[in-house]
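Reader: I have a model open and I'd like to learn how to read its features one at a time. Could you walk me through it?

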Amino acid sequence: MAFETLNVEVQDHVCLIKLNRPEAMNALNTALLSELCTALEEADASDKVRCIVLTGSEKAFAAGADIKEMSEQSFVDVYSADLFAKTNDRIAAIRKPVVAAVAGYALGGGCELAMMCDFIIAADNAKFGQPEINLGVIAGMGGSQRLTRFVGKSKAMDMNLTGRFMEADEAERAGLVSRVVPAKKLLEEASTVAEKIAEKSQLTTMAVKEAVNRSYELPLAEGMLFERRMFHAMFATEDQKEGMAAFLEKREAQFRDK
Ligand code: CO8
């Protein structure tokens, strides 16, 4: 499907989704969010795609929800529509791994969108922030919840209360991003990572997502039980037999998602 606010490319088994509203620093308006959910769902349903990379431009991953679009809305408008609830649910339902490749600004909803991905690779020019406080609102899609789980209460409070930006090296130290690479190498690195993930059995990549994401929701004992049961379940797959046989035979595993 052709999109107006995104560029979507599939190469080998990796779908690259690039946010494309350069005139507004990739601000997340209704059209973009709707197209993004559709693009992610199409990639999730595609037999070819095994991993998704979400990125923006060198200047901005996304500078937040679209302020122009939100500025005239009333409480009744946003509450009745339950603004952003569907976006949150549709992105959370994607079962294939989604890697965020972030360069430039990832602010407000942009930072929250990156955190909704499975992990973040940052360019050395990336800047993360929850500056909603400067607009007289607070974060609306995870900036007070997911960010706190990533970086702890102190830094999350600091970012949400002052609206300051966190540079890439601090974001890596704080655990918000998994690695930092030179801006020029961002897409190359993200593609290499995605291709590596694409080689695994999709049954196991989906199980990893389910298990790691449960760690946010469940008490430790319940999470450990969920993980162990998923581990046990993998023994029902041909890919477990293949993976272990390949190790013993000193060869590369050929997974078939069965
Ligand atoms: N919304 C709409 N337009 C934007 C946004 C935005 N969030 N950010 C930038 N733009 C536009 C500017 O208005 C400007 O347009 P124009 O040329 O027509 O005036 C253009 O992009 C370029 O921006 P600047 O001239 O400001 O560029 P600078 O390099 O000087 O500054 C910044 C870049 C620092 C990114 C600056 O634009 C900025 O501070 N942007 C706003 C950041 C912000 O406050 N983000 C939070 C928004 S609220 C939010 O995200 C709530 C989240 C709720 C959940 C969302 C779920 C998806």
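**Reading the strands**

Author: Strands here are DSSP runs of E with at least two residues, helices are runs of H or I with at least four, and both are numbered from the N terminus. Two strands pair if DSSP finds at least two bridges between them. Before we go on, this is a predicted model, in which local features need pLDDT of at least 70 and side-chain atom pairs count only at pLDDT 80 or more, while totals for chains, interfaces and linings use all residues. Residues are numbered from 1 along each chain as its sequence is written, and side-chain values use heavy atoms, with hydrogens and water left out.

Reader: How many bridges join β2 to strand β3, and in which sense do they run, parallel or antiparallel?

Author: Five bridges join β2 to β3 (residues 51-55), and the two run parallel. On β1 the sense is antiparallel, with six bridges to β2, and Glu9 stands opposite Leu16 there. β1 and β2 make a hairpin with two residues between them.

Reader: How many residues of β2 are buried?

Author: Buried means under 20% relative accessible area, exposed means over 50%, and partly exposed is in between (1.4 Å probe, protein chains only). In β2, five of the six residues are buried, which leaves the strand mostly covered. Strand β7 (residues 119-123) has four of five residues buried, so the rest of the structure largely encloses this strand. β7 pairs in the parallel sense with β5 (residues 98-102) over four bridges, where Ala100 faces Ile120. Three parallel bridges also link β7 to β10 (residues 179-181), with Ala122 opposite Val180.

Reader: In what order do the four strands of the open sheet come?

Author: The order is β4-β6-β8-β9, with mixed pairing. β4 (60-62) and β9 (165-167) are the edge strands with a single partner each, so one side of each has no neighbour in the sheet. From one strand to the next, the twist averages 20 degrees. As for angles, axes are lines fitted to C-alpha atoms (for helices, over the stretch in contact), and angles run from 0 to 180 degrees between N-to-C directions. β4 pairs with β6 (residues 105-107) in the parallel sense over two bridges, and Ala62 has Ala106 as its bridge partner in β6.

Reader: Which helix packs on the sheet, and which strands does it touch?

Author: Contact means heavy atoms within 4.5 Å. Helix α5 (residues 109-116) packs on the sheet and touches β4, β6 and β8 (127-129), with its direction at about 95 degrees to that of β6.

Reader: One last stop: is Arg21 buried or exposed?

Author: Arg21 is buried, at 12% relative accessibility, and lies in the loop between β2 and α1 (30-45). A polar atom of the Arg21 side chain lies 2.8 Å from the backbone oxygen of Ala27. Leaving aside neighbours within four places in sequence, Arg21 has contacts including Thr5, Leu32 and Asp66.

Conventions: Polar contact = N/O pair within 3.5 Å; in protein donor to acceptor, adjacent residues only side chain to side chain.
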